[in-house]
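Hi everyone, thanks for coming along.

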Amino acid sequence: MHRESSSKCMAEKLASLSGYGPTSSVAQAQYRLDLVSKWQIGVGARVLELGCGQGDTTLALADIVGDTGHVDAVDPGPLDYGSPKTLGQAHETISAGPLGSRITWIQAEPLAFLADSNPALVYDVAVLAHSLWYFASPALVLDTLRVVATRARRVCIAEWSLSCAEGSAATTHILAVLTQGALECRKPASTSNVRNVVSPARIKDLASQAGLILQSEALITPGARVYDGRWETDHVLQTQFAEEIEEFVKDAREKGMIYAMKDAVEASLTRVNGIKGVGSMDGWVAVFERMQ
C-alpha cells in the first residue's frame with residue numbers, strides 16, 4: 001500500500017510539472033512511471049530519448065536519473081505541433097520546473113542528430129517510448145536501431161502491444177490503430193499518430209537485425225484515464241478519415257477492406273457503450289543490450 005501511495009504521489013507531481021492539469025495527466029504520468037520502472041535506469045545515468053513528444057516519458061526519466069544524470073530528449077516534430085499543448089509550450093513548461101535542468105530538448109530527426117553528435121559520446125541508455133509508430137517505415141526503424149546500438153549500452157523500448165485482456169474495452173483501440181495503419185501506408189506522407197504499425201514481435205526482429213539482444217519484456221495495463229484508445233478511435237470516426245480513404249486508396253478491394261475495418265471499429269463501440277467506454281490496450285516494454 002505504501003508503495004502504491006508513493007507512486008501515486010510521484011505521478012501527481014510529474015503531472016503538475018507537465019502543466020496539463022489533473023484530468024488525464026496523472027494517469028498518463030503513472031503509466032509512464034510504470035514503463036520507466038521496468039527499465040531499471042539508475043541515478044546518474046546519461047539517457048538519450050528519441051521521439052520525446054511533449055515530454056511525458058522525459059519527465060519520468062529526468063526524475064529517476066537524479067541531479068547527477070541527464071536526458072537528451074530528441075523529437076523531429078515542429079514546436080507548434082500537438083494538443084492540448086504544443087511541443088514548444090510543453091517543453092517550456094517542463095524546463096521552467098525543478099527537473100528542467102536535467103533535460104536538453106533537441107528538435108531534430110533522430111538519425112540526423114546521431115550523425116551530427118559526437119560519435120565518442122556513448123549513452124548509458126537509449127529510450128524509444130511510444131515513438132516507433134511515428135517513424136515512416138520499418139526500414140527507418142531498423143536504420144535508427146542500428147545506429148543506436150553503437151551509441152548506447154542498453155536500449156529500452158515501449159510501444160502499444162496490439163493486445164489486451166479478454167473482454168477488455170481496449171479491443172476498439174486495437175481495431176482503430178490497425179485501421180489507421182491500413183490507410184496511412186497508402187499516403188505519400190503522413191502526419192498521423194499512427195504512421196507505421198510495428199508489433200512487439202516485429203520490433204524484436206528489427207532489434208535483432210540491428211545487433212540488439214532482448215534482455216526482458218513485460219506488458220503494462222494503463223489506467224482507465226489513459227485516453228489513447230479514445231483518441232485513436234475518434235480519429236477513425238471523423239468524416240475526414242472517410243474522405244482520405246476516397247482520396248488515397250485507389251484499388252476497390254483495398255478500399256473495401258479499409259471501410260470494413262472502419263465499420264468494425266464502429267460496431268465494437270456498441271459493446272462498450274460508446275466512445276467514452278473505449279480503453280487503451282496494454283503497453284509493451286522491453287530492454288535490449290547490444291551484442292559484444
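Let's start with Ser 18: is this residue buried or exposed? Its relative accessibility is 6%, and buried means under 20%, so Ser 18 counts as buried. Before we go on, please keep in mind that this is a predicted model.

Where does Ser 18 sit? You will find Ser 18 in helix H1, which covers residues 2-18. And which residues does Ser 18 contact, once we leave aside its neighbours within four places in sequence? They are Ser 25, Leu 59, Lys 85, Thr 93 and Ile 94.

Now please move along to Glu 159. This residue belongs to strand E5, residues 152-160. Glu 159 has a relative accessible area of 2%, so it is buried too. If we don't count residues up to four places away in sequence, Glu 159 touches His 130, Ser 131, Leu 132, Trp 133, Val 198, Ile 203, Gly 283 and Trp 284. Here is a pair to find on your screens: Glu 159 and Ser 199 are 40 residues apart in sequence, yet their C-alpha atoms are 8.0 Å apart in space.

That brings us to contacts in the whole protein. Take the contacts between residues at least 6 apart in sequence: 80% of them join residues at least 24 apart.

Next, turn to helix H9, residues 228-237. Which of its residues are buried? Asp 228, Gly 229, Glu 232, Thr 233 and Val 236 are. These residues lie on the same side of H9, because they cover an arc of only 125° around the axis.

Let's zoom out. In total, the protein has eleven helices and seven strands. Its C-alpha atoms fill a box of roughly 55 × 40 × 35 Å along the principal axes. How does the radius of gyration fit with a compact globule? For 292 residues, such a globule would come to a value near 19 Å, and the protein has 19 Å, so the two agree.

How values were computed. Residues numbered from 1 in each chain as written. Predicted model: local features only at pLDDT ≥ 70, side-chain atom pairs only at ≥ 80, totals over all residues. Heavy atoms only, no water. Buried < 20%, exposed > 50% of the residue type's maximum accessible area, 1.4 Å probe, protein only. Helix = DSSP H or I, 4+ residues; strand = E, 2+ residues; numbered from the N terminus. Arc of directions from axis to C-beta. Rg over C-alpha atoms; globule rule 2.2 N^0.38 Å. Contact = heavy atoms within 4.5 Å.
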